[in-house]
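User: Hi, I'm new to this one. Can you walk me through it?
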Number of protein chains: 2
Amino acid sequence: MCHDVCMQYAPDAATPQPVPETRSLRGRSAAHVAERIRERILSGELPPGERLSERSLTEGLGVTRTPLREAFKILEAEGLLAIVPNRGAQVVELSPADVDMAMELLAGLESVAAELACARGTVQQLAEVARLHARMVACQQAGDLVGYFRVNQDIHQHIVDCADNPALSRVYRTESARVRLYRFAGNRVSARWSRAVMEHEQILTALQQRQGPLLRELLRAHHLNGWRVTRKVLENEVQPDL
Amino acid sequence: MCHDVCMQYAPDAATPQPVPETRSLRGRSAAHVAERIRERILSGELPPGERLSERSLTEGLGVTRTPLREAFKILEAEGLLAIVPNRGAQVVELSPADVDMAMELLAGLESVAAELACARGTVQQLAEVARLHARMVACQQAGDLVGYFRVNQDIHQHIVDCADNPALSRVYRTESARVRLYRFAGNRVSARWSRAVMEHEQILTALQQRQGPLLRELLRAHHLNGWRVTRKVLENEVQPDL
DNA sequence: GTGACACATATTGCATGCAATCATACGCAG
DNA sequence: CTGCGTATGATTGCATGCAATATGTGTCAC
């Protein structure tokens, strides 16, 4: 982004300070690189199974191998990369069984969050969920599948955040990211899409009425329904029609 | 441990291979170092707040700074270390509020695991929990607080493992490790100690009878009771008597 | 005595170099 | 033509060096 600028020499220039507008990145290089690679993985630009060459990434990101390799370790700890000794890093490939387990975990985390969110969520937080819900419906009506999916993920994260437990939010975010790509497939079935929105209506109502146990069951069912369809798509038993 | 042996030169010796008994660690150095540091943190040898000097650790572990710094990144991603730019790594210090949130998360994970464990746990897995329970009781009767605590942690991990969900087990293990040291304090109160064992008896019974909802509630209550005492100890409202 | 500043030292962050390992292409026997 | 061994280039893992930053210490003004 700006590394070419940073690389230029300024022998006697009128600007003595190295690069005024870009605050020094020293000490944040690995985290910054990890963030960039994470984005590329979650967007699908780096698909599961893709091998990540140190050489091309260092050139693409304008950093050297040391911070890049540190970023690899971070992403490996997050479960996004697998590092094979002497063969480098590759984007983790999850089997349907892996995703199954992850979905069970996510459903569990959400069901735990549900009761806490109903008990503790502030009015503002609940309103934010409602706002996101409206945006999601708008995306559906516009046929914007990608936008819908992103806002959908946002809603679920926000519900978890309503539980006001940073550790829970962090784990949910990390584990949700691991399977994001795989879940997208399920939304590409029109029948599921419309039904999911209906389920979301009920979820929103339960949250607003702070009916913890009900919300819990709705979320669990929502997950189960969604994953049942998604698994069939992943296993090529159903062809997506969107 | 063996790095001094590895460092010796063998100019013309009869053993051409570098070090026959120690298989090459190439490609596993960072993970190995992370494991060592993790042990030291979890044992309390490196207490919360401790600054980790690269110099002393490289000398102590017989590795250079590169794999050590990679290990730091891994441990930071696990939530055990905090890396401050230009000031290096230090063991994370958790506030009572942080531990509170973590305990809520752990209780949630266990309650999710409870029903799955009752539904899916094999007879062998349940027997292993029973075996650990017996060992724990033996530790209690021997007054072995440290052994008791370790087996206790093992039991909870095994119950979660009975759910047969690797993702759940992994998250539980990582999040449990983050707060292990802080939880130890609560066991240093004799009244809590004996009551905890009684609760474990009930937990074991519920698991063996595969009563999911009951196990769920027992685990939740067990966590709440334990944490209530531990928090008081951490906040110096109660003096440990063990 | 205390505080502030400057200098010296230690430590960290990152770049680079070297050795081990892997991947690929080639030669050759069958 | 196929299979296998080998050699060579590419890639990774780790060690080390250099620059930026922090830390400790001494000096001096007040």
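User: Start with the DNA. Which element gives the most to the surface near DNA strand D?
Analyst: H4(B) does, with 3 residues. Helices (H or I, at least four residues) and strands (E, at least two) are DSSP runs, numbered from the N terminus. This is a predicted model: local features need pLDDT of at least 70, side-chain atom pairs count only at pLDDT 80 or more, and totals for chains, interfaces and linings use all residues. Residues are numbered from 1 along each chain as its sequence is written, while chains are lettered from A and ligands numbered from 1 in the order in which they are written.
User: New topic. How many helices and strands are in chain A?
Analyst: Chain A has 10 helices and 3 strands. The strands form an open antiparallel sheet in the order E1-E3-E2. Strands pair if DSSP finds at least two bridges between them.
User: Which strands stand at the edges?
Analyst: Strand E1 (51-52) and strand E2 (81-84) of chain A. Each has a single partner strand, so one side of each is left without a neighbour in the sheet. E1(A) is joined to strand E3 (residues 88-91) of chain A by 2 bridges. There, A:Arg51 stands opposite A:Gln90.
User: And how many residues of chain A are in contact with chain B?
Analyst: 24 residues of chain A, touching 24 residues of chain B. Contact means C-beta atoms, placed from the backbone, lie within 7 Å. On the chain A side, H4, helix H5 (96-120) and helix H8 (166-184) each supply at least two residues. H5(A) gives the most, with 6 residues. By class, that side has 12 nonpolar, 4 polar and 8 charged residues.
User: What does the C-alpha trace of chain A span?
Analyst: About 65 × 40 × 35 Å along its principal axes.

Definitions and conventions: Two residues are in contact if their C-beta atoms, placed from the backbone, lie within 7 Å. Ala, Val, Leu, Ile, Met, Phe, Trp, Tyr, Cys and Pro count as nonpolar, Asp, Glu, Lys and Arg as charged, and the others, Gly among them, as polar.
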